[in-house]
Amino acid sequence: MTRIVRTVAELREQVRAWKAAGEQVGLIPTMGALHDGHLSLVRLAQTRVKRTVASVFVNPKQFAPHEDFDAYPRGETRDAQLLESAGCDLLFAPSAAEMYPQGFSTTINLTGVSEPLEGAARPQFFGGVATVVTKLLIQAEPDIAVFGEKDYQQLQVIRRVTRDLDLPVEIVGAPTARAEDGLALSSRNAYLSTEERAAAVALPDAMKAAIAAVQAGERVETAEAAGKAALEAAGFRQVDYFDFRDADDLSRLGPDALPSGAKPRLLAAAWLGKTRLIDNMGA
């Protein structure tokens, strides 16, 4: 049975009891509305450590006022049932007041890897992510923390914060979980209408085509332009970015052919109706 705790004190008491028994602990931070992509993170953690903790917290600090904080899908009962089915040991489900008590005034900001792409499109986002994830890592004191590569820039931001602040935890990236047609699993997919869901597969398809093109020697900017055009033709109303970037520091690649020895990653974000989909693939 997956136990639910709501305070930092309860969380630490349980984690420290496990560690006193010689058991390592893995943390899987989430915003809830769980799907098989989240459960794959739990399963990966279970291959590395004895005990797993999943947190469910819709973090208000990473949403701008015009974004979907109030509408973001929530369902703790279902989330707890899914975590139990996956064999997760503990669910940490704090309130906003527990995470950000009255008078809270600290924010973690960083430069470099956080600035392009999502950082440009959503300037408040990574400060909120870095702050809440740092708090969770300090609160849970895990040996490892598992994050999906689906949010690749976020993963790189968390790796940078962990390194820079000497946090004693290993950050583990997990491969993106996908539906049979290739669409990356995401809680926000629930926003898509039937027609939009059918059109959404154009995103991974356009990315695969762009990767094949640059691997065949096509200029990066040509492949990027073709990818954006394919999305617009499929009904996407806006493409925030469709960029080849260095896999480590997310610096821009192109406009010419990929240089020899490059470690490219294609990252994309685009709007289908009212839903913003993001994805990335290694090239």
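Me: How many of the eight residues of β9 are buried?

Reply: Seven of them are buried, so β9 is largely enclosed by the rest of the structure. Buried means under 20% relative accessible area, exposed means over 50%, and partly exposed is in between, with a 1.4 Å probe and protein chains only. One thing to keep in mind is that this is a predicted model, where local features need pLDDT of at least 70, side-chain atom pairs count only at pLDDT 80 or more, and totals for chains, interfaces and linings use all residues. Residues are numbered from 1 along each chain as its sequence is written, and side-chain values use heavy atoms, with hydrogens and water left out.

Me: Thanks! And how many residues of β8 are buried?

Reply: Eight of the nine, so β8 is also largely enclosed by the rest of the structure. About the names: helices (H or I, at least four residues) and strands (E, at least two) are DSSP runs, numbered from the N terminus.

Me: What sheet do β8 and β9 sit in?

Reply: They belong to an open sheet of three strands in the order β7-β8-β9, paired antiparallel. β7 and β9 (275-282) are at the edges with a single partner strand each, so one side of each has no neighbour in the sheet. Neighbouring strands are turned by 10 degrees against each other on average, direction ignored. Axes here are lines fitted to C-alpha atoms, for helices over the stretch in contact, and angles run from 0 to 180 degrees between N-to-C directions.

Me: How many bridges hold β7 and β8 together?

Reply: Eight bridges, in the antiparallel sense. Two strands count as paired if DSSP finds at least two bridges between them. You can find R245 opposite R265 in β8, and Q238 opposite W271 in β8.

Me: What about β8 and β9, how many bridges there?

Reply: Eight bridges join them, and they run antiparallel. R265 stands opposite G282 in β9, while W271 has R276 of β9 as its bridge partner. The two strands form a hairpin with two residues between them, and G273 in the turn has a positive phi of about 65 degrees.

Me: Which of the α10 residues are buried?

Reply: V220, A223, E224, G227 and L231. Down the axis of α10 they fall within an arc of 100 degrees, so they line one face of the helix. The arc is taken from the directions between the helix axis and the C-beta atoms.

Me: Why do residues three or four places apart point the same way?

Reply: An α-helix has 3.6 residues a turn, so residues at that spacing point the same way. In α10, the face turned away from the buried side carries the exposed residues E232 and A233.

Me: What do the buried residues of α10 pack against?

Reply: They pack against α9 (202-215), β7 (238-246) and β8 (264-272). Contact means heavy atoms within 4.5 Å. Just after α10, G235 takes a positive phi of about 110 degrees.

Me: New topic: what is the strand order in the sheet of six strands?

Reply: This open sheet has the order β1-β4-β3-β2-β5-β6, with parallel pairing. At the edges are β1 (3-5) and β6 (170-174), each with a single partner strand, so one side of each is left without a neighbour in the sheet. On average, its neighbouring strands are turned by 25 degrees against each other, direction ignored. Strand β3 (residues 51-56) pairs with β4 in the parallel sense over three bridges, and S55 has F92 of β4 as its bridge partner.

Me: Which strands does α1 lie across?

Reply: α1 lies across β1, β2, β3 and β4, at about 150 degrees to β4. Helix α2 (residues 36-46) lies across β2, β3, β5 and β6, at about 150 degrees to β5.

Me: Which residues touch the most other members of the largest nonpolar core?

Reply: Of its 42 residues, they are L11, V53, F92, L137 and I171. A nonpolar core is a set of buried Ala, Val, Leu, Ile, Met, Phe, Trp, Tyr and Cys residues joined through side-chain atoms within 4.5 Å. The largest share of this core, nine residues, comes from α6.
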